[in-house]
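Q: I have a sequence and a set of coordinates to read. Can you walk me through the features one at a time?

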Amino acid sequence: MTLTDGAADSWIRRFHPAPDARVRLVCLPHAGGSASYWYPMSAATAAEIEVLAVQYPGRQDRRHEPCVETVEALADRVTEALLPHRDLPLALFGHSMGAVVGFEVARRLEDLGTPPVALFASGRRAPSRHRDEDVHLRGVDGIVAELRKLDGTDPRALQDPELLRMILPAVRADYKAVETYRYRPGPPLSCPVDALVGDSDEKATVDEAGSWRDHTTGGSALHVFPGGHFYLARHQGEIVRVVTDRLLAPTS
């Protein structure tokens with residue numbers, strides 16, 4: 001599938017254009033998440049880093065489009081949408097499901113001869129560390145219980161039947177994508193991989209996050225923060241420093 005210009009544009013949000021940027025940071029949301037989740041990151045990064053936030057179909061302004069139910073298809077489409085943005089180096093930052101999508105996008109960019117300069121994998125175990133999970137097969141109450149436990153969804157959306165009806169298809173499709181994903185062995189990435197995780201994250205232990213080191217020859221680092229799966233909300237400044245230190249570090 002080749003995206004038309006308009007279709008490609010629908011995948012990318014640029015909240016704060018940075019004409020003097022030296023690198024672009026592509027941010028990929030968690031299951032049920034949207035591009036707007038990355039607005040604070042975009043606002044906080046230095047002028048040398050321009051954030052491109054990915055908007056998956058099936059939510060917000062794309063809510064009338066069919067959801068994508070596999071990580072591989074999401075990665076294919078995100079990669080195509082990024083092709084016009086390769087005039088600057090690309091780095092990838094994905095949280096939870098977004099980390100897996102980011103890994104597969106990185107593989108595709110490597111195959112195209114334009115590997116990313118870094119991958120930031122947040123709140124997610126390494127691709128080779130599989131768990132059997134079934135949230136996408138649960139009824140509404142089961143999915144809501146999972147979202148409440150992770151504490152990353154506005155409680156008002158979970159209490160309002162109309163809002164819940166709007167967000168549930170995207171949440172279920174995303175969970176299906178990430179829960180049915182199976183790592184396909186292949187060459188490791190050439191870019192550095194920074195793994196970021198909360199020390200009490202039920203979805204990814206520190207040990208599981210540390211295994212990202214097995215998926216690159218470009219070096220890796222593990223950053224552990226106090227908190228659970230959505231530790232990001234309380235550690236925005238520290239995360240921006242991790243990103244900035246990696247992407248804007250002197251080359252000599």
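A: Start with a single residue. R24 sits in strand β2, residues 23-28. Keep in mind that this is a predicted model.

Q: Is R24 buried or exposed?
A: Look at the relative accessible area; under 20% means buried. R24 has 9% relative accessibility, so R24 counts as buried.

Q: Which residues does R24 touch, beyond those up to four places away in sequence?
A: R24 touches R14, E50, L52, H85, D87, L88, P89, L90 and A91.

Q: What polar contacts does the side chain of R24 make?
A: Take them one by one. The side chains of R24 and D87 are joined by a polar contact of 2.7 Å. The side chain of R24 also reaches the backbone oxygen of H85, at 3.0 Å. E50 joins in too: its side chain has a polar contact of 2.8 Å with the side chain of R24.

Q: Now E50. Where is E50 found, and is E50 buried or exposed?
A: E50 is found in strand β3. Its relative accessibility is 3%, so E50 counts as buried.

Q: What else does E50 touch?
A: Leave out residues up to four places away in sequence. E50 then touches R14, H16, P17, A18, A21, V23, R24 and L25.

Q: Which side chains have polar contacts with the side chain of D194?
A: H223 is one, with a polar contact of 2.6 Å. R246 is another, with a polar contact of 2.7 Å.

Q: And which residues does D194 touch overall, not counting those up to four places away in sequence?
A: The list is L119, F120, A121, A221, H223, V242 and R246. H223 and R246 are therefore on the contact list of D194, as well as being its polar partners; D194 itself is buried, at 2% relative accessibility.

Q: Next, backbone angles. What should I look for in phi?
A: Most residues other than glycine have a negative phi. Now the exceptions here. Q60 is not a glycine, yet has a positive phi of about 50 degrees. S96 is not a glycine either, and has a positive phi of about 60 degrees.

Q: Where do Q60 and S96 lie?
A: Both are in loops. Q60 lies in the loop between β3 (49-54) and α3. S96 is found in the loop between β4 (90-95) and α4.

Q: How accessible are Q60 and S96?
A: Q60 has a relative accessible area of 38%, so Q60 is partly exposed. S96 has a relative accessible area of 11%, so S96 is buried.

Q: On to helix packing. How do α3 and α4 meet?
A: Read the axis distance and the angle. The axes of helix α3 (residues 71-82) and helix α4 (residues 97-111) come within 8 Å and cross at roughly 60 degrees. That angle makes α3 oblique to α4. The crossing of α3 past α4 is right-handed.

Q: Which residues make the contact of α3 with α4?
A: From α3 come V71, E72, L74, A75, D76, V78, T79 and L82. From α4 come M97, V100, V101, E104, V105, R108 and L109. By class, the contact has 10 nonpolar, 1 polar and 4 charged residues.

Q: At what angle do α5 and α7 pack?
A: Helix α5 (residues 140-150) and helix α7 (residues 161-179) pack at about 80 degrees, with their axes 11 Å apart. The two helices are therefore roughly perpendicular to each other. On the α5 side, the contact is made by V140, I143, V144, E146, L147 and L150. On the α7 side, L164, L168, V171, R172 and Y175 take part. The residues divide into 9 nonpolar, no polar and 2 charged.

Note on methods: Residues numbered from 1 in each chain as written. Predicted model: local features only at pLDDT ≥ 70, side-chain atom pairs only at ≥ 80, totals over all residues. Heavy atoms only, no water. Buried < 20%, exposed > 50% of the residue type's maximum accessible area, 1.4 Å probe, protein only. Polar contact = N/O pair within 3.5 Å; in protein donor to acceptor, adjacent residues only side chain to side chain. Contact = heavy atoms within 4.5 Å. Axes fitted to C-alpha atoms, helices over the stretch in contact; angles between N-to-C directions. Helix = DSSP H or I, 4+ residues; strand = E, 2+ residues; numbered from the N terminus. Parallel < 35°, antiparallel > 145°, perpendicular 65-115°, else oblique. Left-handed = near helix turned anticlockwise from the far one by under 90°. Nonpolar A, V, L, I, M, F, W, Y, C, P; charged D, E, K, R; others polar.
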